[in-house]
Amino acid sequence: MNQDRAARLHSFGRAMRDKYGEPVHKIALDAGFTCPNRDGTRGIGGCTFCNNASFSPNARRRTSLDEQLEAGRRATAGVSGARKFIAYFQAYTNTYERVEVLKALYDRALDTPGVIGLSVGTRPDCVADEVLDLLAAYRRAGHEVWLELGLQSAFDETLRRVNRGHGYAEYVATLRAARELNIPVCCHLIIGLPGEDEAHYHATLNAVLEEGVDGLKLHPLHVVKHTRLALDWKRGEYAALSLFEYVRIAADLIERIPWEVLLHRITATAPRDVLLAPDWCAGKWAAINGIENELARRGSWQGRRSRALALGGRHCA
Ligand code: SF4
């Protein structure tokens with residue numbers, strides 16, 4: 001990472017390096033979960049943009065957790081020399097099981113040499129109290145623990161439109177319960193959802209910051225094969241953001257995100273064999289470099305235009 005970037009963005013990687021004195025890498029995992037928005041429990045068909053193969057490198061490869069962890073450790077260590085890792089339960093809904101099953105999976109990951117913690121991605125309406133207690137216990141035991149909640153938008157109308165199967169209220173309830181137990185929460189937001197514009201993105205960010213949050217992921221909406229969004233896109237009913245638009249919008253948002261809120265991610269990619277649009281989502285660097293350059297051009301940085309975290313922004317210890 002160049003120094004200029006480090007000075008402008010408070011990335012999750014930077015925060016972990018500062019905390020542990022060396023690089024800490026996330027290993028993305030598919031532990032074989034499904035999703036209640038696909039199997040009929042909450043909905044059928046899933047979110048209109050969702051094809052998990054597009055955002056989880058291990059999705060549906062069906063290798064064992066141990067194999068995935070070992071391969072992730074080897075690949076990461078080979079590139080960066082990292083010796084510390086966070087097991088990132090990424091694919092589908094990683095709290096959608098009985099707590100005993102979850103505990104066995106999480107324990108296995110934490111038993112892997114070098115793994116210092118967990119990051120658990122899930123839906124806001126699928127986190128039972130027992131699961132929060134389990135995550136809080138890991139945290140009390142000294143592990144690095146994050147709960148990653150997919151909100152995407154604070155607008156219920158948008159969430160209905162993309163068939164999320166939950167509303168903003170479920171996010172708030174789970175966020176508050178998690179932070180009450182001192183579990184840090186990373187909120188996922190999507191830029192470019194159908195029917196939304198810049199006013200929506202800023203209003204969603206306002207709502208999230210006013211509730212308080214510990215980390216954020218910003219994600220451009222990309223169109224991937226075998227989704228309902230792909231049909232809309234083919235009919236000309238949805239147009240993806242250009243790289244230029246995304247960079248400008250993301251920079252505007254990042255300027256308003258307080259420095260204390262860690263940026264876990266500022267773009268997203270999809271494999272070329274499933275990506276339909278936009279082309280630039282085949283790789284991450286065009287967006288990352290674009291955002292960094294835009295902030296540099298403005299002489300700006302994360303949080304430059306943020307209000308103080310006074311509005312409910314308690315930060316997890
Ligand atoms: S909640 Fe997540 S895994 Fe489930 S359908 Fe939506 S994006 Fe896909």
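## Ground rules

Residues are numbered from 1 along each chain as its sequence is written. The model is predicted, so local features need pLDDT of at least 70 and side-chain atom pairs pLDDT 80 or more, while totals for chains, interfaces and linings use all residues, and side-chain values use heavy atoms, without hydrogens or water.

Helices (H or I, at least four residues) and strands (E, at least two) are DSSP runs, numbered from the N terminus.

## Helices α4 and α5

Helix α4 spans residues 99-111 and helix α5 spans residues 129-140. Their axes come within 10 Å and cross at roughly 25 degrees. Axes here are lines fitted to C-alpha atoms, for helices over the stretch in contact, with angles from 0 to 180 degrees between N-to-C directions. The crossing angle makes α4 roughly parallel to α5. Angles under 35 degrees count as roughly parallel, over 145 as roughly antiparallel, 65 to 115 as roughly perpendicular and the rest as oblique. The crossing is right-handed. A crossing has that hand if the near helix is turned clockwise from the far one by less than a right angle, and is left-handed if anticlockwise.

Contact means heavy atoms within 4.5 Å. From α4, Val 99, Leu 102, Lys 103, Tyr 106, Asp 107 and Leu 110 take part. From α5 come Glu 130, Val 131, Leu 134, Leu 135 and Tyr 138. By class, this contact has eight nonpolar, no polar and three charged residues. Ala, Val, Leu, Ile, Met, Phe, Trp, Tyr, Cys and Pro count as nonpolar, Asp, Glu, Lys and Arg as charged, and the others, Gly among them, as polar.

## Tyr 106

Tyr 106 lies in helix α4. Its relative accessibility is 0%, so Tyr 106 counts as buried. Buried means under 20% relative accessible area, exposed over 50%, and partly exposed in between (1.4 Å probe, protein chains only).

Leaving out residues up to four places away in sequence, Tyr 106 touches Phe 89, Asn 94, Thr 95, Leu 118, Val 120, Leu 134, Leu 135 and Tyr 138. Tyr 88 is 18 residues from Tyr 106 in sequence, and their C-alpha atoms are 10.0 Å apart.

## Helices α10 and α11

Helix α10 covers residues 243-255, and α11 covers 285-298. The two pack at an angle of about 55 degrees, with their axes 9 Å apart. They are therefore oblique to each other. Their crossing is right-handed.

Residues of α10 in the contact include Leu 243, Tyr 246 and Arg 248. Those of α11 include Ala 286, Gly 290 and Arg 298. The contact divides into ten nonpolar, one polar and five charged residues.

## Backbone features

A cis peptide bond joins Ala 277 and Pro 278, with omega about -10 degrees. Pro 278 is in the loop between β9 (275-277) and α11.

Gln 152 is not a glycine, yet its phi is positive, near 80 degrees. Gln 152 sits in strand β4 (residues 144-152) and is buried at 9% relative accessibility. His 226, also not a glycine, has a positive phi of about 65 degrees. His 226 is in the loop between β7 (223-224) and α9 (228-234) and is exposed at 72%.

## Cysteines

The model has zero disulfides, a disulfide being a pair of cysteine sulfur atoms within 2.5 Å. For Cys 187, the closest cysteine sulfur is in Cys 186, 7.2 Å away and too far for a bond. Cys 187 is buried, with a relative accessible area of 0%. Cys 47 is buried too, at 9%.
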